[in-house]
Structure formats: C-alpha cells, structure tokens
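Please work through each task with the structure in view before reading its solution.

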Amino acid sequence: MTPPETRRIVLASGSEIRATLLRNAGLACETVLPRVDEEAIRAALEAEGAGPRDVADTLAEMKARKVSEKNPGALVIGCDQVLDLDGRVLSKPDNEAAARAQLLGLRGKTHRLLSAAVVVENGEPLWRHVGIARLTMREFSPGYLDAYLARNWPEIGASVGSYQLESEGVRLFSRIEGDYFTILGLPLIELLTWLSIRGDIAA
C-alpha cells in the first residue's frame, strides 16, 4: 500500500470548486478534464429511461474511466451533478435567456441536486456514492431576477439550475436540506471517509 498522503489522486473534472474542496481538505490532487460528450451520453441515458440518479452515477463513472486510461495506478475521481425537477433533468444553461427560463421554472418549487462521485483505479470502479440534497427556491420578484442575472451572468452558466450557492445564489432559496459539499458538487465527507478507511490518506 502506498503511504498515506503520497498516493496519486486525480480529479477527472474541470470544476474549480471541486478541486478547491479537495485541496482545502489537504489532498494533493491533480486535475484532468475528461474528454466525454456529456450531453450526448445524458440524452442517450434519458432515452433509455434512466432516472436522474443513474444519469449522475453513469456520467461520473465514464469520466473517471476515461481519465484512468491514461493515468495507470492513480486513484481517479469522476464526478457529475444532476438537477432533478419533478423527474426532469436540467442541464447547464447555454445562454442568459436559458438561465432566466430555468430560474423561473424553479421559482417557488422544491428540486433535488444529486452529486455523484466514482473512484476508479486502472479502469475499474472501486467506490461510488450519490449524495442528494433538496432545495426550495423562494418566490423572488421579477426585479430581483433581472438584477441577479445582470450581476451573475455568465458565471452562473457553469452551474446546473443557473445558481451558485456559494455566492449570491444562496439568496434565491427559502429552505435547503442536505450536505453543503453535495450541493457544491462533491460528496466530500463520504469520499474522505472511504479514503481514510482504505489508508490512502492519513486517518
């Protein structure tokens, strides 16, 4: 077994917030952007009747496997986050008009965020987890929505649902149930616990 804190860990994600969460937790991790067509895979899964949980889990695994191919011996963490609104999966908005439409569709309703993580080594999945949070958006005013978009676009385009809870997006909500890290896109506590039990990080 590789000594704790020296095991090579690769994050198969272009998300800066995920990388920051891992580094803030004391993990020395590399980041590699996985080359997968997420939208095509997502569409194919939904056409086959896959639910939001399966979509998130499958995409996380595919990203990890892709990066693992070129990083033998490393623990590769693949991640994906899905927004589930009454069984309908929302994707990241392509433009400001799409962001506006998403926020209007979420206003006054409760939706779920599912954050999946899969750890792969040498192409084989070792661990997987899907964290779930429930968020209720308040009945914000049209004026606030206009101002919110003016202040926060295009940054919010990187997030499903067109909000970032770690910034002004928190003001859109009246109730939040679930783990903060899961909402940010990574079930961090569960991942760190598993790495500790395995001896890949100091416990």
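**Exercise 1.** Determine at what angle helix H2 and helix H3 pack and how far apart their axes are.

*Solution.* Step 1: helix H2 covers residues 38-47 and helix H3 covers residues 52-68; helices (H or I, at least four residues) and strands (E, at least two) are DSSP runs, numbered from the N terminus. Step 2: the two pack at an angle of about 140°, and their axes are 10 Å apart. Axes are lines fitted to C-alpha atoms, for helices over the stretch in contact, and angles run from 0 to 180 degrees between N-to-C directions. Step 3: H2 and H3 are therefore oblique to each other, given that angles under 35 degrees count as roughly parallel, over 145 as roughly antiparallel, 65 to 115 as roughly perpendicular and the rest as oblique. Step 4: H2 contributes Glu 38, Ile 41, Arg 42, Leu 45 and Glu 46 to the contact, and H3 contributes Val 55, Thr 58, Leu 59, Met 62 and Lys 63; contact means heavy atoms within 4.5 Å.

The model is predicted: local features need pLDDT of at least 70, side-chain atom pairs count only at pLDDT 80 or more, and totals for chains, interfaces and linings use all residues. Residues are numbered from 1 along each chain as its sequence is written, and side-chain values use heavy atoms, with hydrogens and water left out.

**Exercise 2.** Describe how H4 and H5 are arranged, and identify the residues in contact.

*Solution.* Step 1: the axes of H4 and H5 cross at roughly 140° and come within 11 Å. Step 2: H4 and H5 are therefore oblique to each other. Step 3: on H4, the contact is made by Glu 96, Ala 99, Arg 100, Leu 103 and Leu 104, and on H5 by Leu 145, Asp 146, Tyr 148 and Leu 149.

**Exercise 3.** Which residues have the most contacts inside the largest nonpolar core, and which elements supply at least two residues each?

*Solution.* Step 1: a nonpolar core is a set of buried (under 20% relative accessible area, 1.4 Å probe, protein chains only) Ala, Val, Leu, Ile, Met, Phe, Trp, Tyr and Cys residues joined through side-chain atoms within 4.5 Å. Step 2: the largest has 22 residues, and Leu 83, Leu 103, Leu 135, Met 137, Tyr 163 and Leu 172 have the most contacts inside it. Step 3: strand S3 (75-85), helix H4 (96-106), strand S6 (124-137) and helix H5 (142-152) each supply at least two residues of this core. Step 4: H5 gives the most, with four residues.

How values were computed:
Buried means under 20% relative accessible area, exposed over 50%, partly exposed in between (1.4 Å probe, protein chains only).
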